[in-house]
Structure formats: structure tokens, C-alpha cells
Amino acid sequence: MADATEVVRVLIADDDAVDRAAVHRMLSRSEPAFALSEAATAQALLERLASDTVDVVILDRHLGDAEGLDLVPLLLGAERNAPPRCAIIMVTGLGDERSAVRALRAGVHDYLPKDGLNREVLEQSIHGCLRWLDNERERRETTQRLTRLGMYDTLTGLPNRNLFYDRLEQARLATARGGAPFALFMMDLDFFKEVNDTLGHEAGDRLLHEVGHRLRGITRQTDSFARLGGDEFAGLLVGVDSIEAAVAVAEKVCASIREPVLIDGQMVSVGVSVGIALVRDPNLDARALMCWADQAMYRAKREGRDYDVFSEHDELPEARPLLIAAQLQQALDRNEIFLHFQPKIDLGTGEVVGFEALARWISPTLGEVSPAEFIPIAERSTTIRRLTHRVLELSLEQIRCWRESGLDTSVAVNVSARALDDDGLGPFIASELEARDVPARVLTLEITETALVASTARARSVLRAITDLGVSISIDDFGAGYTSFRYLRELDISEIKVDGLFVTHLEGGPRDSSIVRSIAELARGFGVRLVAEGIESADLWATLRGLGCHIGQGFSIARPMAGAEIPLWERSWLSRVRTQREFYSGVRRVAAAELRRSRASNDGVSAYDQ
Ligand code: C2E
Ligand code: MG
Ligand code: MG
């Protein structure tokens with residue numbers, strides 16, 4: 001009874017005709033009038049409720065053919081989250097408190113003894129019922145709406161990622177039980193970013209809305225298209241069991257999305273890349289299947305084609321990478337990824353110049369998985385974007401915590417080439433920095449040399465936008481790939497990291513030391529700082545300094561550790577450095593005196609040459 005102008009329908013259920021008539025009489029004089037009806041048995045009451053709408057039931061505690069209390073759940077309606085069908089006032093000849101509590105607990109709204117019952121008491125109770133009904137209906141509707149919002153994308157009205165995974169899982173289970181095979185689509189719009197950038201986010205939203213509309217237009221009842229986020233969409237086509245059939249749908253999708261859209265008086269047209277996976281053997285979990293389609297989508301995009309197909313005949317990935325790919329998605333959902341930080345120090349003074357953030361993952365089923373294994377797998381799909389965002393968030397959060405406790409230091413985050421191929425990265429970094437009030441100067445992105453050389457024009461423009469924010473760029477694993485000096489000039493590089501391989505082999509012969517020396521010269525020439533990584537032995541510190549490399553990182557300084565351990569480590573490191581410095585300056589004084597005395601040649605010893 002949401003509308004105040006609507007008449008309130010009251011049903012009096014009592015097996016005693018006299019009592020029934022008494023209540024009827026009392027309420028028949030009410031203003032505004034109630035629509036009154038009666039039932040003498042439980043059966044009559046339930047039949048009435050099934051056919052008519054009733055707002056309030058005045059229910060006798062004992063009906064001839066049932067106990068009033070047993071009827072309560074049936075009257076309220078047992079459906080989970082559905083609004084209550086009616087409110088119940090229980091009337092009884094016995095006014096004992098324990099029964100009243102039981103009745104109220106069962107969901108009865110009010111409990112009134114028959115003696116002492118009058119019109120006023122009944123009316124008050126009915127109005128209380130109506131208020132409760134209104135509140136309850138509103139509350140349940142809100143819950144339903146929120147549940148719906150949790151499953152649907154508000155912009156396009158399409159199912160969201162959660163609902164899509166659920167449907168995919170249902171389809172997979174059905175196929176496993178011998179049901180129809182299905183095709184899976186992963187779709188990513190082309191030029192969406194350009195629309196957003198040139199016409200604004202509102203235009204971008206309108207475009208996404210239109211894409212949702214068009215996808216709905218081409219779906220059959222058994223198909224399900226979803227928006228996974230950003231400009232990423234997915235499709236589930238149940239019963240599609242051949243590549244030809246899947247391709248026919250993909251062509252329809254591409255043609256439909258390519259049709260221009262009129263936004264703010266301007267014709268806008270975008271494209272889409274579709275990755276298709278045909279699923280006949282559903283033994284893999286839903287996320288692994290998505291990876292197949294995702295890989296195909298990425299290949300289509302890379303090769304400039306509308307769609308590409310990943311089928312069982314394709315280069316089927318090994319089981320473990322596929323498992324890792326699937327579990328990594330879950331790991332991100334469940335916040336299983338965390339970071340360790342490894343210090344970089346000035347090899348001359350021992351001063352800590354910053355930290356490198358390294359991703360760590362302990363999977364509940366696979367155990368600890370090394371980033372050297374999971375990063376390349378993440379790089380094969382769009383998972384790398386999520387992972388990069390997570391690592392950046394965690395790093396910036398750690399910087400914020402350290403700054404709060406007085407530690408002002410910088411952190412370098414490793415970023416893969418594919419994560420750079422995302423115009424959203426710059427704005428993401430800008431907003432994450434701002435949200436935590438962290439200055440851009442304390443953030444460095446480490447990009448491997450190979451990634452830089454193979455980078456797309458878009459990736460390089462993303463990098464330029466990021467350096468414009470004040471974030472530094474470091475070239476990681478330098479010397480391991482094909483060197484291209486062009487990027488050193490083209491991009492605003494602040495640091496070069498000599499690949500650990502050369503550092504490890506330094507003691508082995510002159511070839512590696514001449515490589516390090518020439519990289520050091522190059523760094524000096526370009527005015528960028530040089531870091532040697534993978535220093536496993538303290539004996540190498542002096543050699544590296546001699547070769548012109550003044551910053552070092554490696555197990556001989558510290559292993560990567562949790563962010564919370566850093567302040568304590570730094571204190572003990574600095575005190576070690578101080579003690580050593582004092583010790584060696586003492587040694588130097590004694591040695592100098594000795595030298596003066598013996599007039600020997602001056603071959604002084606420095607603090608860090610030991
Ligand atoms: P990297 O960026 O070159 O990081 C240095 C790696 O060398 C780290 O391995 C570190 O633990 C290890 N290391 C440090 N000191 C020594 C040493 O003295 N000796 C030896 N043998 N190794 C040392 P980790 O943590 O296993 O990471 C491996 C690679 O995975 C990283 O190489 C980086 O390329 C990648 N990676 C790690 N975290 C991320 C991330 O968040 N995003 C991306 N895109 N890549 C990451
Ligand atoms: Mg690195
Ligand atoms: Mg490296």
C-alpha cells in the first residue's frame with residue numbers, strides 16, 4: 001500500500017464467527033473506510049491471498065484447520081529479498097507474553113489480546129502495519145536495485161564482469177555435463193581513447209552506451225554480452241560450435257560497431273578487435289577461457305585485424321601458464337599480490353638513494369610464484385594493466401606511509417611494455433599521486449630496454465606524458481637487449497640500470513668490465529645516473545665504482561623485503577656505514593702516518609674500497 005489514496009485492504013481471519021463479526025463491526029466505522037473481507041479457515045485465507053491483494057491480515061491465533069503461527073511465513077511470502085506480501089496483526093484470547101514474543105519473532109507485526117480490543121487500538125495497529133509495509137517494501141526494493149547494480153554496468157545496462165563470469169561458469173558447467181559448446185568473445189574498442197580525449201568523457205560515455213545498445217541488438221536470447229570495464233567488452237555465445245559460426249557473429253559485431261554514431265552533432269566512428277575462443281572442452285576454469293579469447297583479441301589488435309580465433313588447434317598454452325594466467329586474475333581480485341622493496345645505495349657514501357618495488361605473489365594453490373614467471377604471462381593479456389595499476393597503487397601507498405613516518409625516499413616501479421600501451425596510465429598515475437599527496441619526483445618507472453626498443457608510438461607518447469608529470473624513467477636490464485640510443489635522446493631518461501648479468505661476470509674477465517665501462521661512459525655522456533643491479537658480492541663495490549658506476553643494488557647490500565621492515569633496515573644499515581666509515585678513516589689516519597714515516601708512495605684507502 002504505497003499510495004495514500006488507495007484503499008487499505010484488511011482481511012479478518014478467525015474461525016469464530018462472533019469474534020470475526022466483532023472486529024468487522026469495529027473497523028466498518030473507520031474513516032477513511034477499509035476494504036474489509038473475512039476468512040473462517042486457513043485454507044480460505046490462503047486462497048484469498050493467492051487471488052487478491054491484501055495489506056493487513058488480522059489473524060486469530062488458532063484457526064480451526066491450522067495454527068496462526070504456522071501460517072505466518074506463508075502469509076508474508078517466503079521469497080528471499082521479495083517485499084512482504086502483507087502485514088499481520090495476531091489476535092488471541094490468551095494474552096501470555098511468551099506467545100507474543102514467539103509471534104513477533106516469527107514476523108507478526110502486532111499481537112493484541114481479544115479482550116480490550118476496540119476500534120482505536122485496531123486502527124492504530126493497522127496504521128503501524130502500513131508504515132512498516134511501506135518501509136519494508138522500500139528497503140527491499142533498494143536492496144534489489146543495489147543487487148542489480150552489482151551485476152549490471154550502469155552505463156550500458158549490460159551485465160558487468162561479475163555477472164558475466166557467473167554466466168560463463170554456468171555455460172562451462174553445462175558443457176561439462178554434455179550440454180552445448182559455446183564461443184567466447186573478448187572485445188576492445190579501437191580509437192575509443194581518441195574520442196574521450198578530443199570530445200570529452202561525456203561523449204565517451206555516450207559512445208559506450210551506444211555500443212551496449214548495438215550489442216544488445218545483435219544478441220539472440222542465448223547470447224550474453226557484457227562490459228568488463230573501460231572499453232572492454234565480452235560475449236558468450238551458447239550453442240555456437242564452429243569457427244565459421246563464431247566468425248559470422250564477430251563480423252556482425254564489427255560491422256555494427258563500426259557504423260558511425262552521431263554525438264554532439266559530430267559523426268564518430270570507432271572499431272573493435274574481437275578475440276574468439278571456441279570452447280568444446282570445458283575443463284579449464286572460466287578465467288583461463290577468458291585468457292584464450294584475450295590472447296586472440298590482442299593478436300587481432302596487434303595485426304590490425306577485426307578478429308582472431310583461438311581454438312584448441314592453436315598453439316595451446318602449457319597447463320601451468322594457463323593456470324597461472326587464470327589464478328592471477330583471482331589473485332588481483334583477492335589482493336594476493338604484495339610488494340617487496342630492494343634498496344639502491346650510493347656505493348661511495350653508503351647513502352640510501354631509493355628502493356625498487358618488486359611484485360610478490362603467494363598463491364593459495366600454487367604457492368609462491370616468482371614475478372619472473374607470472375609477469376611474462378600477465379603480459380600476454382590485459383591482466384598486465386590491472387597488475388601494473390595494483391603495483392603502482394601499493395607502491396604509492398607505501399611511499400605515503402613512509403612519508404608519514406618521516407622517511408622521504410623514492411620508489412622505482414617496473415612497468416611492462418604492454419602496460420605502457422594504455423593511454424589511461426598517465427592519468428591513473430597523476431590521480432593516484434594526487435590522492436595521496438605524493439610528489440611525482442619520488443616515483444620512477446623502470447622500463448626494460450627491450451620493451452623500450454619494441455615500444456609503439458602510443459607507448460612512447462604515454463611515457464612522455466608521464467615524464468611531464470615529473471615522474472622519472474629508468475632503463476632496466478640495460479645491455480641485455482638491443483641497444484638503441486635513439487630512445488635515450490627521444491625520451492627524458494633519468495637512470496640506466498646495468499643488467500645484473502654483466503655485474504655477476506665482472507670478476508670473470510675484462511670483456512664484461514669493458515661493457516660496464518662503456519655503459520658508464522654512455523650514461524655520463526647523456527647525464528643520467530647509472531645503477532648496477534644484482535651485486536652479489538661486496539668485493540664488487542669498489543670495482544664498480546672504479547668503472548664509473550656509483551649506485552648499486554643487490555643481495556650483498558640487502559635482499560628485497562617488506563615495506564614495514566625498511567625503516568629498521570635503514571637504521572641498522574646507516575649505523576653500519578657510519579661505523580665502517582669511522583673505522584676506515586681511522587685506518588687511513590694510521591696508514592698515512594705510517595706512510596709519512598716510511599715515505600712510501602701514497603696509495604690511500606677509501607671507506608668503500610674495502
Ligand atoms: P628486475 O626489474 O631486473 O628486478 C631485479 C631482480 O633481480 C629481482 O628479481 C630481484 O629480486 C633480483 N635481484 C636483486 N638483487 C639480486 C642479486 O644480488 N642477485 C640476483 N641473482 N638477483 C637479484 P625478482 O623480484 O624475481 O623480479 C624479477 C623480474 O620480474 C624483475 O626484474 C622485473 O623485470 C620483473 N618484475 C618484478 N616485479 C614487477 C612488477 O611489479 N611489474 C613488472 N612489469 N615486472 C616486475
Ligand atoms: Mg627493475
Ligand atoms: Mg633489472
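Me: Is cysteine 254 buried or exposed?
Reply: Cysteine 254 counts as buried, because its relative accessibility is 2%. Buried means under 20% relative accessible area, exposed means over 50%, and partly exposed is in between (1.4 Å probe, protein chains only). This is a predicted model, where local features need pLDDT of at least 70 and side-chain atom pairs count only at pLDDT 80 or more, while totals for chains, interfaces and linings use all residues. Residues are numbered from 1 along each chain as its sequence is written, chains are lettered from A and ligands numbered from 1 in the order in which they are written, and side-chain values use heavy atoms, with hydrogens and water left out.

Me: How many disulfides are there?
Reply: The count is zero, where a disulfide is a pair of cysteine sulfur atoms within 2.5 Å. For cysteine 86, the nearest cysteine sulfur belongs to cysteine 129 and is 9.0 Å away. Cysteine 86 is buried, at 0% relative accessible area.

Me: Next topic. Which protein donors does the magnesium ion (ligand 3) have?
Reply: They are Asp476 (OD), Asp477 (OD), Glu533 (OE) and Glu533 (OE), at 2.1 to 2.6 Å from the ion. Donors are N, O and S atoms within 2.8 Å of the metal (3.2 Å for Na, K and Ca); water is not among the atoms, so sites may look incomplete. Along the chain, the donors of this ion follow the spacing D-D-x55-E.

Me: Which residue bridges ligand 3 and the magnesium ion (ligand 2)?
Reply: Aspartate 476 does, and the two ions lie 3.9 Å apart. Aspartate 476 is buried, at 5% relative accessibility, whereas aspartate 477 is partly exposed, at 26%.

Me: What about helix H12, which residues are buried there?
Reply: In H12 (residues 371–379), they are Phe374, Ile377 and Ala378. Seen down the axis, these buried residues fall within an arc of 100 degrees, so they line one face of the helix. The arc is that of the directions from the helix axis to the C-beta atoms. Helices (H or I, at least four residues) and strands (E, at least two) are DSSP runs, numbered from the N terminus.

Me: What does serine 370 do at the start of H12?
Reply: One of its side-chain oxygens reaches to within 2.9 Å of the backbone nitrogen of alanine 372.

Methods: Polar contact = N/O pair within 3.5 Å; in protein donor to acceptor, adjacent residues only side chain to side chain.
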